[in-house]
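Please keep the structure in view while going through the numbered points.

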Amino acid sequence: MNKLKNKSNVIQEYGSQIALVFLLLLLSIISPEFRTIQNILSLLRQSSVNGLIAFGMTVVILTGGIDLSVGSSLALTALLGAGMLKGGVPAPLAILIVLIAGIVLGFLNGVMVVNGKIQPFIATLVSMTAFRGIAMIFSDGRPISRLGDSKLLLFLGQGQFLGIPVPIWIMIILFLIFRFFLQNTVIGRDTYATGSNYKAAALAGISIAKVKYLVYAVSGFTAAFAGLILVSRLGSAQPTLGSGYELDAIAAVAVGGTSMNGGRGKILGTLTGVIIIASLNNGMNIIGISSYYQQVVKAIVILLAVLSDSNR
Amino acid sequence: MHIEMTNISKLFGTNQVLFDANFELQDGEIHALMGENGAGKSTLMKILTGVHQKNSGKILIDGKEVTYKHPIEAEKNGIVFVYQELSSALDMSVEENLFLGREITKKFSVVDKKAMCATTNEVLNRLGLEINPNETLGNLSIGQQQLVEIAKALLVNTKVIILDEPTSALTDKEVDKLFSVVRLLKSQGVSFIYISHRMEEIFELCDRVSVLRDGRYIGTKKISDTNKDDLIKMMIGRDLGNMFQKEIIPIGKPVLEVKNLTKHGLFKNISFTVHSGEVLGFAGLMGAGRTEIMKTVFGSFKADNGEIILDGKRINTKHYCPGDAKNAGIGYIPEDRKEEGLMIEKSIKGNIGITNYDLITSNGFIIDKNKENDLSKKAIKELSIKCTGINHLADNLSGGNQQKVVFAKWLYTNPKVLILDEPTRGVDVGAKQEIYSLITKLVKNGAAVIMVSSDLPEVLGMSDRIMVIHEGTIGGVINKDVATQKNIMTLATGGTINE
């Protein structure tokens with residue numbers, strides 16, 4: 001009886017990881033092309049942009065919030081970076097400014113949520129619309145390209161280290177940092193507590209306001225970082241960059257088993273969700289399933305993942 | 001309706017919560033069901049109404065064996081469970097709530113508002129309630145909401161109503177109203193199963209009482225044949241002894257001074273001092289502003305005026321928040337542990353951790369899992385929290401054990417002042433006594449304790465001095481030696497006492 005219980009706990013606890021293993025096995029059996037190392041690496045590299053955004057999204061959702069503005073923040077900060085590079089600002093400085101700008105944009109969401117007492121969905125819907133609009137105004141609706149040949153910028157999106165593309169390294173390193181903060185630090189506990197019961201958290205002396213400023217700022221930061229990888233890969237930035245990315249990120253978080261009510265979830269789950277979605281995209285492309293059907297399959301996978309999660 | 005439940009057993013997973021329990025309800029009686037939290041009262045009633053399924057045993061209703069698979073089935077057969085936590089749509093009207101899920105409709109499923117309002121009026125009249133059917137439910141007092149819930153039961157042809165702790169959130173006046181409604185319905189042939197911890201109510205209202213302990217049936221008695229001590233003995237399996245275990249502790253220096261604390265619309269000119277080694281009781285009617293005063297002292301509400309002085313140092317109330325209060329050495333145990341005291345879906349460990357970062361981190365930032373586990377193990381042992389271990393979810397603990405977890409959150413922060421808001425509400429007698437001895441231990445170690453409570457025997461038994469709050473102002477202060485229930489109530493209702 002007890003053993004049985006443990007078993008079902010393991011399935012619950014690592015449900016999305018088990019699902020990922022099955023998915024990878026299935027796709028590998030079906031398609032010899034899928035199972036090449038080259039393909040797996042490119043799959044992971046493709047997933048890194050959604051991965052970074054989803055990490056930031058996870059901490060926001062853990063507090064019981066949501067961040068719809070990530071795609072627009074990504075576009076706005078990417079254009080800012082591209083503009084600076086084109087104007088001759090040295091790449092390290094431009095990159096730094098882009099990341100700070102991401103934090104600032106995220107912080108604005110925090111201010112709306114905390115000080116304006118606006119529900120996160122609405123607050124970030126406002127900023128999603130506003131940031132996209134500002135990106136359009138800033139670029140006059142046109143892409144910014146010919147960004148010079150900064151090695152650092154190219155390295156971010158196109159470089160390799162020990163044979164593994166740099167975006168994957170970035171994703172792994174950020175994953176480890178997020179995991180450490182969420183599992184092993186006071187800030188992590190405060191984040192979970194805020195989503196779990198904000199009244200109890202406040203009465204335990206936790207500053208809910210600080211936690212919220214922080215998570216939205218983090219989400220802005222990861223969106224900007226993801227934007228840098230995109231700009232590096234594309235060699236340009238355009239005002240429509242990243243539209244719809246918020247939904248991919250939310251889907252990955254949901255597939256990873258994080259509760260949309262906040263308080264429960266893991267960054268490992270999100271990483272798994274990101275790779276599940278990327279594998280589906282990649283695998284179905286290789287097998288040659290039409291993109292119309294792909295959407296339906298993705299929807300079914302998300303539905304199944306959420307249904308099988310007893311935490312929902 | 002005659003109900004007979006025999007040899008009912010129930011397991012949740014491997015955890016057996018009922019062992020061959022019995023219960024019998026006669027036609028037209030008010031039957032109290034008593035027992036400590038976790039004794040299995042609610043589970044037994046949920047089995048009767050089909051919320052849970054029994055593993056073994058028999059349920060006979062009017063001689064026929066029945067097993068309800070769903071509460072709706074029980075409801076159709078005349079048995080209605082009115083839950084402790086009301087399950088109403090607060091944004092909808094009284095009438096809409098009464099007919100939720102069983103609306104009267106005309107053609108094409110169009111609701112017949114007129115017919116429903118008429119029936120609502122009829123039912124409310126039958127109960128002698130003056131409530132407007134169109135009023136939004138959330139605008140009614142908790143007591144009125146409770147009565148609406150009972151009115152809901154009358155819409156179907158109900159013969160048995162199960163009330164689970166119906167008075168835990170009601171004012172005295174509302175309790176009186178509830179009782180008169182219960183008696184009225186009894187005279188109309190409705191039976192009641194009344195789950196409650198409150199002895200006074202049982203003796204005032206009920207005809208017979210059955211007691212469960214640890215999932216086992218202990219016995220049934222006529223109310224006229226038993227007394228309070230007898231019932232307590234049945235419930236906890238031993239004599240209670242001295243409930244409060246109040247000890248004489250020398251009162252030390254002043255720790256917390258509050259001067260002219262005011263928050264417009266809630267309370268004004270509240271001044272008091274609490275000393276090391278002292279329990280300062282706060283009595284008053286519900287809604288008198290006691291909780292608001294305490295939340296202001298703790299920094300959760302902002303004061304409009306006044307001073308808070310801790311250890312002789314004035315606290316800057318401008319940017320004062322609970323975090324500052326905690327760092328200064330003030331702890332606060334809120335009145336509603338599920339809403340404000342606990343993260344219900346987290347473990348004991350997770351709950352205790354968030355107020356004790358100093359103890360579970362090595363540098364104030366990175367959590368040391370060993371220290372964290374040890375702290376929770378220590379708490380479970382020292383407070384004898386009944387659980388399966390540090391990872392036991394707070395939600396699955398009994399009320400008394402949940403409250404002990406909330407205490408544990410603050411105990412190890414070594415507070416100079418600990419504010420307790422209704423520390424034993426919804427807690428069974430055994431756990432109550434343990435909480436009182438915790439309070440005594442705290443003051444013995446030099447802490448100052450402020451205890452807000454509506455339980456007068458508790459206020460009288462534990463306090464050194466009693467502040468009585470009346471409509472947001474200090475009605476008076478009474479010393480322990482001269483305090484009686486009567487003079488507390490006089491001050492609480494705005495009267496004066498001559499000493």
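1. B:T484 sits in the loop between strand 20 (473-479) and helix 18 (485-492) of chain B. Helices (H or I, at least four residues) and strands (E, at least two) are DSSP runs, numbered from the N terminus. With a relative accessible area of 36%, B:T484 is partly exposed; buried means under 20%, exposed over 50%, and partly exposed in between (1.4 Å probe, protein chains only). The C-alpha atoms of B:T484 and B:T167 are separated by 23 Å, and these residues are 317 residues apart along the chain.

2. On the basis of the work: this is a predicted model, in which local features need pLDDT of at least 70 and side-chain atom pairs count only at pLDDT 80 or more, while totals for chains, interfaces and linings use all residues. Residues are numbered from 1 along each chain as its sequence is written, chains are lettered from A and ligands numbered from 1 in the order in which they are written, and side-chain values use heavy atoms, with hydrogens and water left out.

3. A:T258 is found in the loop between helix 12 (245-255) and helix 13 (267-287) of chain A. Its relative accessible area is 4%, so A:T258 is buried. Among the residues that A:T258 touches, not counting those up to four places away in sequence, are A:T58, A:I61, A:L62 and A:R264; contact means heavy atoms within 4.5 Å.

4. The whole structure holds 12 aromatic pairs over all chains. Rings of Phe, Tyr and Trp (its six-membered ring) pair if their centres lie within 6.5 Å; planes under 30 degrees apart count as stacked, over 60 as edge-to-face and the rest as tilted. The ring centres of A:F55 and A:F178 are 5.6 Å apart with planes at 45°, so this pair is tilted. Because A:F55 lies in helix 3 (residues 37-62) and A:F178 in helix 8 (residues 166-184) of chain A, the pair ties together parts that are 123 residues apart in sequence. A:F55 is buried at 0% relative accessibility, and A:F178 is buried at 9%. One aromatic cluster is formed by A:F55, A:F175 and A:F178.

5. The largest nonpolar core has 126 residues, and B:L256, B:F272 and B:I439 have the most contacts inside it. Such a core is a set of buried Ala, Val, Leu, Ile, Met, Phe, Trp, Tyr and Cys residues joined through side-chain atoms within 4.5 Å. Helix 16 (residues 429-444) of chain B gives the most to this core, with 8 residues.
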